[in-house]
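Subject: Structure handover

Hello,

Here is the structure I promised to pass on. Please open it and keep it beside you while you read.

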Amino acid sequence: MEALRGIVIVLHLISFAMLFGAWFAELLSKRQRVTGLMQWGLVAALVTGMALAAPWGLDGDLNYMKIGVKLVVLVMIGALLGIGGARHRRKKPNSSILFWSIGLLTLLNTGIAVLV
Ligand code: HEM
């Protein structure tokens, strides 16, 4: 069970890498678009995060306050990705505030996961 939990944590970290990596690539390329890889990364983070939120393969307790805050932040990122994706389909440019909010909220969730 512990090993399986370890595998799900690795998948959760890969989903974070997909979301943040895709965002960072857009930042460096100066396009600032919302991409499909970001959306898939978010879905994967939700699925693996929910699996990790159940108390299995663990010795200690889970911090449900922290998990709840991460879930709220994920929903906010999802809303921004939805708005950005819809604007992209209508060939309208994204605002910088929307684009930066996606990256900063992703980093916020990483900070909550690692530091709290
Ligand atoms: C953008 C979304 C998310 C990001 C960037 C993210 C990031 C991370 C990172 C970097 C870790 C590893 C922390 C460590 O091992 O020290 C982690 C662990 C974890 N995450 Fe997430 N996460 C996200 C969404 C979620 C969601 C939505 C949930 C649950 C509803 C969740 C639940 C968890 C749990 C339970 C752990 C394991 C904590 C532990 O066992 O110590 N995450 N997350």
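Below is what I found in it, starting with the whole chain and moving on to single residues.

First, two ground rules. This is a predicted model: local features need pLDDT of at least 70, side-chain atom pairs count only at pLDDT 80 or more, and totals for chains, interfaces and linings use all residues. Residues are numbered from 1 along each chain, as its sequence is written.

**The whole chain**

The protein chain has four helices and zero strands. Helices (H or I, at least four residues) and strands (E, at least two) are DSSP runs, numbered from the N terminus. Along the sequence the pattern reads α-α-α-α. The C-alpha atoms fill a box of roughly 50 × 25 × 20 Å, taken along the principal axes.

How much of the chain is buried? Buried residues make up 19% of its 116 residues. A residue is buried if 20 or more other C-beta atoms lie within 10 Å of its own, exposed if 12 or fewer, and partly exposed in between; the C-beta atoms are placed from the backbone.

Now contacts. Two residues are in contact if their C-beta atoms, placed from the backbone, lie within 7 Å. Take the contacts in the chain with a separation of 6 or more: residues 24 or more positions apart account for 71% of them.

**The UniProt record**

An unreviewed UniProt entry places the feature "transmembrane region" at residues 6-25, 37-58, 64-85 and 97-115. UniProt positions are given in the numbering used here, feature names are shortened, and annotations may be inferred rather than shown by experiment. In the model, residues 6-25 are 100% helix and 0% strand, with end C-alpha atoms 28 Å apart. Residues 97-115 are also 100% helix and 0% strand. Their end C-alpha atoms lie 26 Å apart.

**Helix H1**

H1 (2-28) has 27 residues, which should span 39 Å at 1.5 Å a residue. Its end C-alpha atoms are 38 Å apart, which agrees. The expected span is 1.5 Å times one less than the number of residues. Ser15, Phe16, Leu19, Ala22, Trp23 and Glu26 are buried in H1. What covers them includes H2 and H4.

Look at Ala22 in H1. Ala22 counts as buried because 21 other C-beta atoms lie within 10 Å. Leaving aside neighbours within four places in sequence, Ala22 is in contact with Thr35, Leu37, Met38 and Gly41. Ala22 and Gly36 are 14 residues apart in sequence and 8.8 Å apart in space, C-alpha to C-alpha.

**Helix H2**

H2 (36-52) has 17 residues and reaches 24 Å from its first C-alpha to its last, close to the 24 Å expected. Which residues of H2 are buried? They are Met38, Gly41, Leu42, Ala45 and Thr48. Seen down the axis of H2, the buried residues fall within an arc of 145°, so they line one face of the helix. The arc is that of the directions from the helix axis to the C-beta atoms. On the other side of H2, Gly36 and Met50 are exposed. The cover over the buried residues of H2 includes H1 and H3.

**The loops**

- Just after H1, Lys30 takes a positive phi of about 65°.
- Gln32 lies in the loop between H1 and H2. Its phi is near 55°, a positive value in a residue other than glycine. Gln32 is partly exposed because it has 18 C-beta neighbours inside 10 Å.
- Trp56 sits in the loop between H2 and H3 (64-89). Trp56 counts as exposed because it has 11 C-beta neighbours inside 10 Å. Beyond four places in sequence, Trp56 is in contact with Met1 and Arg5. Trp56 and Leu4 are 52 residues apart in sequence, yet 9.5 Å apart in space, C-alpha to C-alpha.
- Lys91 is in the loop between H3 and H4. Its phi is near 60°, also positive in a residue other than glycine. Lys91 is exposed because it has 6 C-beta neighbours inside 10 Å.

**Around the ligand**

Which residues come nearest to the ligand? Of the 21 around it, they are Gly49, Leu52, Leu74, Asn109 and Ala113. A residue counts as near if its C-beta atom, placed from the backbone, lies within 6 Å of the molecule. H1, H2, H3 and H4 (96-115) each supply at least two residues of this shell.

Best wishes
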